[in-house]
Amino acid sequence: MTMTYDLLGIGLGPFGLSLAALADGVDDLDAIFVDQRESFSWHPGLLIEGATLQVPFLADLVTLVDPTSRWSFLSYLRERGRLFRFYFAERFLVPRREYDAYLRWVAESLPSCRFGTQVEEVTWDGDAGAFRVTCLDVATARRSTLAARNVVLGVGTEPSVPAAFAAVGGKQVVHVADYLDHRPLLHDAGSVTVVGSGQSGAEVFLDLLQAQPATGTSLRWLSRTSAFAPMEYSKLGLEHFTPDYTAYFHGLPEQTRDALVPAQWQLYKGISASTIADIYDLLYERTVDGRRVPAELRPGVAVQACRRDADRLVLDCEHVEQGERFEVTTDAVVLATGYAARRPGFLDPLLPALDLDERGRYRVAADYRIALDPAVTGGVFVQNAEAHTHGVGAPDLGLGAWRAATILSAITGSDVLPAHEGAFTSFGAP
């Protein structure tokens, strides 16, 4: 070890990149960011042609905190010679593939980002007043140790597989995170069932539906929710994704917070109105001549179990409202069942110092600092592992830059955050 960094970020998804990009403009801050992947990629299994972000392009890595940053989306367009094309395209919601290209441009350009570096262990060195982070170079298998006063976890979430499917292996059950890799096999299946009705489930169903005339695949779409409902996208509804609502939510009792997040599912698990319209319009056009489309859409259904029957899958289902049980036989299943936060194994040496709640979750302060034993004077911060303490905005790209700036302010002791006029909505009692 030749130096002690002020900040070491682990994980370079959009939120880790946002922190790296904003840190690039902070004077006298020694920061380094590592990721075990050999190069950057962002949800490669869902870069379906035609799919767009669900947030405006202003929700890039930096703009909502520092629109003058060279790491903005507009700066990327300028460097790529695409500004006029973007100007004439009049697109507020950019293609997901272009957002991935923008993120890759930042990741490959920032000197503080180091890929192919796997973190194996994080320990606290009280004598040095710093964390010791053991890293493995993926290419050479050489180990090294980095020292940092503060560590920021941006390890992201992992695909969530319901218990009903946990024991069913093989290529017949695919999570949407791997959809594009398995799309040829799904096209060859006689029938495919999509489970889950968020945006990803809708995009996969639409993609399979568009290919159906060529593939002949019978499609089914099941959802536990009572409707294939649109995402809440009204202007006042979107104020749930503001620093004001985040602060209000953080101040609520834990029991209230735990009950509130599931009830707000349409804020973060709904489907964009345009995707719903595309699905409906396609179904409508294909039935103009009276033909039946081999596609079934059935909300309000919980899949209780999945088992094999020869070379097919049988789903034991229950209609949530009617309480009636029935079976579904299918050749393949695509799980659009979301993602879950995870506590990485490299934190195990710090477990005795972590102050976890009764459900084993981090206790996260307003500035995204994890509660630790007072003997650990360094800071460990989290990005997108705090929905239980900060609300539905935790995974939202629009709040990523604000969270990163909040963390930088906490680490540097200076105010990196811009002036904020606040939401029109007053959350809580006067």
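**View A. Strand S6 and its covered residues.** Strand S6 (residues 130-137) is mostly covered, with six of its eight residues buried. Buried here means under 20% relative accessible area, with exposed being over 50% and partly exposed in between (1.4 Å probe, protein chains only). Strands (E, at least two residues) and helices (H or I, at least four residues) are DSSP runs, numbered from the N terminus. This is a predicted model, in which local features need pLDDT of at least 70 and side-chain atom pairs count only at pLDDT 80 or more, while totals for chains, interfaces and linings use all residues. Residues are numbered from 1 along each chain as its sequence is written, and side-chain values use heavy atoms, with hydrogens and water left out.

View B. Strand S5 (residues 117-125) runs antiparallel to S6, and eight bridges join them; two strands pair if DSSP finds at least two bridges between them. To find your place along this pairing, look for Gln118, whose bridge partner in S6 is Leu136. Four residues lie between the strands of the S5 and S6 hairpin, where Gly129 takes a positive phi near 65°.

**View C. An open, parallel sheet of five strands.** Follow the strands in the order S4-S3-S2-S8-S19, with parallel pairing throughout this open sheet. Strand S4 (113-115) and S19 are at the edges with a single partner strand each, so one side of each has no neighbour in the sheet. On average, neighbouring strands are turned by 20° against each other, direction ignored. Strand S8 (residues 150-153) pairs with S19 in the parallel sense over four bridges, and Val152 has Phe381 in S19 as its bridge partner. Helix H1 (residues 14-23) packs on the sheet and touches strand S2 (7-10), S3, S4 and S8; contact means heavy atoms within 4.5 Å. The direction of H1 makes about 155° with that of S3. For such angles, axes are lines fitted to C-alpha atoms, for helices over the stretch in contact, and the angles run from 0 to 180 degrees between N-to-C directions.

**View D. Phe57 and its ring partners.** Rings of Phe, Tyr and Trp (its six-membered ring) pair if their centres lie within 6.5 Å; planes under 30 degrees apart count as stacked, over 60 as edge-to-face and the rest as tilted. By this rule the count comes to 22 aromatic pairs. In one of them, Phe57 and Phe73 have ring centres 6.1 Å apart and planes at 45°, so the pair is tilted. Phe57 lies in the loop between strand S3 (31-35) and helix H2 (73-79), and Phe73 in H2, so their pair ties together parts 16 residues apart in sequence. Phe86 sits in helix H3 (residues 83-89), 29 residues from Phe57, and is buried with a relative accessible area of 13%. Ring pairs link a cluster whose members include Phe57, Phe73 and Phe86, along with Trp42, Trp71 and Tyr76.

View E. Arg403 lies over the face of Phe15, at 4.3 Å from the ring centre, and over the face of Tyr368, at 6.0 Å from the ring centre. A charge sits over a ring if NZ of Lys or CZ of Arg is within 6 Å of the ring centre and within 35 degrees of the ring normal. Look for Tyr368 in the loop between strand S18 (339-341) and strand S19 (379-382). Tyr368 is not a glycine, yet has a positive phi of about 75°, and is buried with a relative accessible area of 7%.

**View F. The buried face of helix H7.** In helix H7 (residues 243-250), the buried residues are Pro243, Tyr245, Thr246 and Phe249. Seen down the axis, they fall within an arc of 160°, so they line one face of H7; the arc is that of the directions from the helix axis to the C-beta atoms. Their cover includes helix H8 (254-263), helix H11 (387-390) and helix H12 (400-412).
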